[in-house]
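Take a look at the model below. Start at the ligand, then follow the charged side chains.

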Amino acid sequence: MSRYAMLIDETRCTGCRACQVACKQWNDLPGEQTRNRGTYTNPPALSAKTWSMIEFNEIETGDKVGFYFLKRGCMHCEHPACASVCLVGALHKTPDGPVVYDDSKCIGCRYCMSACPFGIPTFDWDRGLLNNALIRKCEFCVDRVSNGLIPACAKSCPSRVIAFGEREQLIAQAEARIEKNPNKYIKHIYGKDEVGGTSMLYLSSVPFDQLGLPALGTTPVTALSEQVMEYTVPFALAWGATLAGVAAVVRFRNRGKRIVENEKSET
Amino acid sequence: MQFIRRHQLAIVLVALVAFGLIVALVRYWAGIGAISNLSDAYPWGLWISFDLLCGVALASGAFTTAFAVHIFQLDRFRPVLRPAILTGFLGYVMVIVALLVDLGRPERIWHMIIFWNPHSVMFEVGWCVMLYTAVLALEFSPLVFERLRWRAPLAIIHRLTIVLVILGTLLSTLHQSSLGSLFLAMPRQVHPLWFSAFLPLYFFLTAIAVGPAMVILESSISSRVLHRGLETDVIGGLARAIPFALGAYLAIKIVDLTLANKWAAAFRDGMSALFWIEIIFGVIAPMLLFARSSVRHNPSRLLIGASLVIAGIVLNRFNVSLIGWTRPNEGWYVPHLLEFAITFGIVSAGVVAYGLVAKFLPLFADEPAPAPSPAE
Ligand code: SF4
Ligand code: SF4
């Protein structure tokens, strides 16, 4: 289990997007030109230029319609699918918690994007060979965290939605909040066990799938493929030996046949 | 004028190659987004589904035929071995060229040689494709050596053949199935009718079935275009393997869907319809066809059966990786016309290369006698 995590209490979020802006500032990300699409969610989705953003969900509860916010970004999984599938090992989880990216290794195959169960990594679609196209995603402000600072988004939040700290402590804190306000919260900490646990922990007053967080099991999605990879070498050895054996047997039998035929034709 | 008429086909092909090259240059200059509809919601598109997944599967004629001729020593299939190896070799080269367009950082493709992640299925696929392409190049090399009359390397390759074929069969088994394993990490993205722990086995069995089908297709076309005779009994013999491979595939698929309790999904929506099209036309129909000897001895019926198998496997790969594939976030993807330009350009280049080899190298000659005689 990783050391650090963030507890994101969506019931407190006011949708001010301070975190979204702080992320852009700290990571030096450019703005995006967008159009009005009839929703407050803006830009429309995560991209190579936006690593963390607030999504505005309009949800009906009882007879009221209200905004329910989701701070979308990399979950920093305990068993990150992105890191498991990356053929050159460009992504990895540090013991502190951040899932970080070594941009000098990446070959741009985009398997990490396909495999991430949350659809998080993004790519520089508009960059050519001379412009260093890369995979982009939140890196948990690893440069801040490893220097004793808290992530930019957590630092900027005026409503104390985002708490940064030790994962175990944050889980205890989240459980305490649910216990104290059982009517306010859904009785579930999203990220505690999803796909083997994540470093982002969410609390909400509406079901998480309505917020846009997928219902996932507790096993890491790459459990099966990693198992298959473990069988590969023994399988290859056994299959190679079988093939060589078959080739040898066929050869031996055909040679025998040929000798018999030759003898027959001689007599 | 007469030149144009005589070389119509070649001119069209070369034009397609040239157009593909121009589109590739735009992609290298302005990014993948400039020529494609790929997006953060659909990071993999036509090039992965067709050029990689179908490309590798359709190149399987090389290993299945080499297996029959060299490991089982079924000499009657020898006449189609060289064309099958050539198709396979060109197929893999085409896959690699397509990857050089699709990869975000094509100039770093060699990174997979020095940076290893043994958990990654893609890592295994990458290595197998690289090594197998080398094996195919060696299996193909005798054509060049014969043409140049280089005896020494010819004799060496000849002695190595069985090792190469065993290695090639092993590598093919691994990566044909691993292309299916790529999707094991996406239990929610892949449609339930196609997601299964058996994906690697499915990909392998269908690749075995499509190998002979590709040899049939390629022999039929080359006999027509290059005005050669067609080895109907040879390719008809190869076709015997198809019902077995498809039958095993179908049986496991039925048991699998039953155990996983997924039949409801087969009677629901558009994806269910695609599923049945794939199973009925791509699996059951060719099984029934190739089980009959009247089909196996009739060139045009052989071609129909082979086309069904090939279309079925192409549909299957698209269903797994694209049509039935959804991501957690919203999005929609239809390949951009310029994506097709890349694919058509690469396929055309492959056809041109095949034609050139057929013209200048001893492609349809049977293999020479083991020991090259000094008197010649
Ligand atoms: S959310 Fe996706 S990108 Fe982030 S660590 Fe998990 S698998 Fe990787
Ligand atoms: S795109 Fe880069 S980081 Fe993602 S899996 Fe491929 S090589 Fe790894």
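The shell around ligand 1 holds twelve nonpolar residues, one polar and one charged. Here Ala, Val, Leu, Ile, Met, Phe, Trp, Tyr, Cys and Pro count as nonpolar, Asp, Glu, Lys and Arg as charged, and the others, Gly among them, as polar. In total, 14 residues surround the ligand, each with a heavy atom within 4 Å of it. The closest are A:C74, A:M75, A:C77, A:C82 and A:C116.

This is a predicted model, in which local features need pLDDT of at least 70, side-chain atom pairs count only at pLDDT 80 or more, and totals for chains, interfaces and linings use all residues. Residues are numbered from 1 along each chain as its sequence is written, chains are lettered from A and ligands numbered from 1 in the order in which they are written, and side-chain values use heavy atoms, leaving out hydrogens and water.

Now the salt bridges. Each is a side-chain nitrogen of Lys or Arg within 4 Å of a carboxyl oxygen of Asp or Glu. Over all chains, the count is 15.

A:R167 pairs with A:E78, with 3.3 Å between the closest N and O atoms. The two sit 89 residues apart. A:R167 is buried at 2% relative accessibility, and A:E78 is buried at 11%. Buried means under 20% relative accessible area, exposed over 50%, partly exposed in between (1.4 Å probe, protein chains only).

A:K49 meets A:D126 at 3.1 Å, N to O. They are 77 residues apart. A:K49 is partly exposed at 27%, as is A:D126 at 47%.

A network of salt bridges links A:R3, A:D96 and A:E166.

Notes
Helices (H or I, at least four residues) and strands (E, at least two) are DSSP runs, numbered from the N terminus.
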